[in-house]
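Please examine the structure shown below.

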Amino acid sequence: MNGVRRLITALAAFAVLLGALQQQPYNGPRPPKPDIPYLLHADNLVETEVGEARMEERKNQTVHTLPGAASPVRTPLAEPIFLFLSDKIKPEKLALYRLESTRGQREIAFPNNPRDMIRRGPRPVHLTFKRLDENLYWIEVNQYLDNGEYCLSPSGSQAVFCFQIY
């Protein structure tokens with residue numbers, strides 16, 4: 001019994017030591033402004049286009065529109081990575097959606113009926129969040145994205161952070 005306790009204690013100490021070795025401090029680029037997602041391009045950070053969506057009601061749906069047919073912020077990465085310095089916005093509240101370019105603007109439409117939302121509503125893109133430092137987060141897209149317009153937006157807000165994949 002005493003030998004089993006020593007073995008368990010040794011394994012627990014080894015696990016703690018291994019965890020400490022794996023938690024190396026992040027020493028890469030840091031976003032200069034809080035609450036704005038930055039695209040990570042090697043060691044460079046590219047600020048996403050910051051804006052506010054305009055909301056309007058159309059035939060049984062709520063449409064959120066942004067001016068301009070395309071974002072000036074572009075990335076060739078089909079699975080982009082963002083660095084996010086959190087102050088007021090919690091990173092887990094961010095959702096990524098694809099936008100449609102129509103009539104010289106970008107938009108996304110959400111059905112007003114909850115049943116239609118489940119069946120036909122736009123789906124957010126899967127994201128992974130990893131805490132790098134006290135308020136610094138690594139946000140990674142978990143699926144291949146086609147070329148087009150995208151935006152990150154905190155739930156319950158009209159704030160948007162847009163970019164284009166080319």
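The model is predicted, so to speak of local features a pLDDT of at least 70 is needed, side-chain atom pairs count only at pLDDT 80 or more, and totals for chains, interfaces and linings use all residues. Residues are numbered from 1 along each chain as its sequence is written, and side-chain values use heavy atoms, with hydrogens and water left out.

Strands are DSSP runs of E with at least two residues, numbered from the N terminus. Two of them pair if DSSP finds at least two bridges between them. Strand S10 (residues 127–131) pairs with strand S11 (residues 136–141) in the antiparallel sense, over five bridges. Four residues lie between S10 and S11 in this hairpin, and Phe129 stands opposite Ile139 in S11.

Rings of Phe, Tyr and Trp (its six-membered ring) pair if their centres lie within 6.5 Å; planes under 30 degrees apart count as stacked, over 60 as edge-to-face and the rest as tilted. The count by this rule is three aromatic pairs. Phe82 and Phe163 are edge-to-face because their ring centres are 5.3 Å apart and their planes stand at 65 degrees. Phe82 belongs to strand S7 (residues 81–85) and Phe163 to strand S13 (residues 159–165), 81 residues apart. Tyr150 and Phe163 are stacked, with 5.9 Å from centre to centre and 20 degrees between the planes. Tyr150, at 3% relative accessibility, counts as buried (under 20% relative accessible area, with a 1.4 Å probe and protein chains only; exposed is over 50%, partly exposed in between).

Finally, Arg74 lies over the face of Tyr166, 4.1 Å from the ring centre; the rule requires CZ of Arg, or NZ of Lys, within 6 Å of the ring centre and within 35 degrees of the ring normal.
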